[in-house]
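Subject: Structure handover

Hello,

Here is the structure for you to look through. My notes follow below.

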Amino acid sequence: MKIQYVCKDVPLSPAMQEAVEGKLGRFDRYFRTTDEVNCTVTLCIHQDKKSLEVSIVSTNGFTLRAKAIDADFYAALDLVVEKLDGQMRKLKTQLDRAHKKGSFVENLMMENIPAEDNLDVEIVRKKKLSLAPMDLDEALARMDALGHSFFIYLDSSTGLVNVLYEREDHGYGLIEIER
């Protein structure tokens, strides 16, 4: 696993780097040696607390992402690793229940992940959308007016479906869906 560090206003000490590599090194067992696995560790200060975000991306399209905020870096690291473990367990359970033994499962070595028994998913509401062409400013205004944390719209300049969403840092993100 290749680990890349992004530090914003926080120095990365050798002890911190060693702790990250030790904790995240255990996720190597879930990937085959032929997979290229990239891990990005983002560390920054967020209101006098340390924010730690870890993204693990494999060449087979498999992605794990977790974020934790704590006054102590090592406590935040433990929280992130716990969240990543939970995501792996959930993924294993979903794949087992779907009885999919195809290429996605072949690319992961799942025998070491304990299964969770209480992951029943139920769709409680369905909605239909008719997408009207609009620009980003209008989409942002409509999202704010609705009080939603995301908004799906058809971009008038590109003709593509976009998803506008509010981030945890109170900024906005945009997902541009390609055909």
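In which order do the 4 strands form an open sheet? The order is β5-β6-β7-β8, with mixed pairing. Helices (H or I, at least four residues) and strands (E, at least two) are DSSP runs, numbered from the N terminus. Two strands pair if DSSP finds at least two bridges between them.

This is a predicted model: local features need pLDDT of at least 70, side-chain atom pairs count only at pLDDT 80 or more, and totals for chains, interfaces and linings use all residues. Residues are numbered from 1 along each chain as its sequence is written, and side-chain values use heavy atoms, leaving out hydrogens and water.

β5 and β6 (residues 150–155) run parallel, joined by 2 bridges. Met 134 has Asp 155 in β6 as its bridge partner.

Now the cores. A nonpolar core is a set of buried Ala, Val, Leu, Ile, Met, Phe, Trp, Tyr and Cys residues joined through side-chain atoms within 4.5 Å. The largest has 24 residues; Leu 24, Phe 27, Leu 52, Val 54, Ile 56 and Leu 84 touch the most other members. Helix α2 gives the largest share, 7 residues. A second, separate core has 6 residues, including Phe 151 and Tyr 153.

Asp 85 counts as buried because its relative accessibility is 14% (buried means under 20% relative accessible area, 1.4 Å probe, protein chains only). Leaving aside residues up to four places away in sequence, Asp 85 touches Arg 26, Phe 27 and Tyr 30 (contact means heavy atoms within 4.5 Å).

Best wishes

Note on methods: Buried < 20%, exposed > 50% of the residue type's maximum accessible area, 1.4 Å probe, protein only.
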